Amino acid sequence: MDALEILSDLENVFPYFQPIFSADEQRVIAYEVLGRYKTEGTVISLGPFFQDDQIPDEYKFEVDLLLVNKALEKALGLEEDIFIFLNRNAELLMYGHGEPFLQELLAYEKKGLSLRRIVLEISARNYSGDLNQFDHLLQYYRTYGIKIAIASIDSDSHYFERIGQLEPDILKINLQALKSTATGVNFNDVLFTLSLLARKIGATLLFENIEMSYQLQFAWKNGGRYYQGFYLHPPTAEFIQRDLLKHRLQEKFHDFIAYEKRKLEAVYTTAEYFQNSVQEIVIKNKSAGYHDLFQALIKKMDQIVFRIYVCDEDGFQKSANIFRGKDGWSIQSDYIQKNWSWRPYFLENIIKMRHEQKGILSDLYCDIETGETIRTFSFPINGEDYLFIDIPYQYLFEHDQLL
Ligand code: CA
């Protein structure tokens, strides 16, 4: 891309706007501003121009400022609850210590555009300068009500660290990574973690690059409040009608909700099945030892479970494991007196079981020893002992609504 050509032809530099939709209102709540350049009748992205290290910062700043200008001028006509996302890399943001850009924004505030509507989409990747100064500047901007979004989960190993440092208002997650099935499973789990983290720090999740229905479903399922991508709407020179997708999004949500409810019903039904089966066996073997109880359980549930043990309410294991491996069932005595209270949800579940006198079917998780995705059914045997029954992947797979 010829930088000088662009600089000498600034009237052909202009912003495109990609709408961002919200799940709660099913309508446009923001636009991301993207740089475009018209040359020989075609419109090209200015992304490569801004990413080109060979082009001096002052050139980029000049083009950027023009884009911001044109975009905000246009945004003056938008409804006042619509946010404007501006892409800022660290170099662009730090230019002139961030002061000229701020003055520009303040000029638009005077014209009626509240700075609370401005969201800076930050990427600090490969930034060679002082990150502290950069963060300091962001905090300074925030005192004006300006919001911070941080972008992109792919290949940025410092992502979690940066989330902790910046406490962004919005986490932008690029769904491009979801396309690759090789990374799919891990990506799911990372995203789930991210949605928990976002909830803890009060950040909103925005999923971008949504290009297919299943990606929208994924975003919806993983706590995404804001959505952006070609599947919804491409970037265009003009703003769109806010409710353009309302009907379509509502239909989509109905489908997602119905699907998810079927799955949750299946989990509930399975929990009931285990509750009834295990309860019956436990009552019948009330005065028997653990060994006889386990034998009775595997007699009835041979292919449905692969590991059984008993813990006390502090998580100390009181029985051996009975474990089904390739060669059938075996006793693993060295597990006696191990402690599991450190495991997530362990104590919460114990308290819940103690009060409700009812078993609990766990969420899906990866078994540390077998590496398989499993669920555990836990059950209060009496006032002191809790039975843990691990359900293998094979069973969940055969009842695929449990996966
Ligand atoms: Ca962006």
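Here's a quick briefing on the domains, the calcium site and the salt bridges of this chain. Keep in mind that the model is predicted. The chain is assigned two stretches, domain 1 (3–234) and domain 2 (259–402). A calcium ion has E32, N87 and E121 as its protein donors, and 20 salt bridges turn up across the structure.

**Domains**

- Domain 1 covers 3–234, while domain 2 covers 259–402.
- Taken over C-alpha atoms, the centres of domain 1 and domain 2 sit 46 Å apart.

**Calcium site**

- The calcium ion gets its protein donor atoms from E32 (OE), N87 (OD1) and E121 (OE), at 2.3 to 2.6 Å.
- Written as a sequence pattern, the donor residues are spaced E-x54-N-x33-E.
- The two glutamates tie together distant parts of the chain: E32 belongs to strand β2 (residues 28–39) and E121 to strand β5 (residues 118–123), 89 residues apart.
- E32 and E121 are both buried.

**Salt bridge R27 with E25**

- R27 and E25 pair up through their side chains in a salt bridge, at 3.1 Å from N to O.
- R27 has a relative accessible area of 19%, so it counts as buried, the cut-off being under 20%.
- E25, on the other hand, is partly exposed at 32% relative accessible area.

**Salt bridge E280 with K284**

- Between E280 and K284 there's a salt bridge whose closest N and O atoms are 3.4 Å apart.
- Both residues lie in helix α10 (residues 246–284), and because they are 4 residues apart there, about one helical turn separates them.
- E280 is partly exposed, with 41% relative accessible area, whereas K284 is exposed, at 65%.

**Salt bridge R354 with E313**

- R354 and E313 make a salt bridge too, with 2.9 Å between the closest N and O atoms.
- This one connects distant parts of the chain: R354 is in helix α12 (residues 346–356), and E313 is in the loop between β10 (307–312) and β11 (321–325), 41 residues away.
- R354 is partly exposed, with a relative accessible area of 34%.
- E313 is partly exposed as well, with a relative accessible area of 27%.

Methods. Residues are numbered from 1 along each chain as its sequence is written. This is a predicted model: local features need pLDDT of at least 70, side-chain atom pairs count only at pLDDT 80 or more; totals for chains, interfaces and linings use all residues. Side-chain values use heavy atoms; hydrogens and water are left out. Domain bounds come from an automatic or database domain assignment. Donors are N, O and S atoms within 2.8 Å of the metal (3.2 Å for Na, K and Ca); water is not among the atoms, so sites may look incomplete. Buried means under 20% relative accessible area, exposed over 50%, partly exposed in between (1.4 Å probe, protein chains only). A salt bridge is a side-chain nitrogen of Lys or Arg within 4 Å of a carboxyl oxygen of Asp or Glu.
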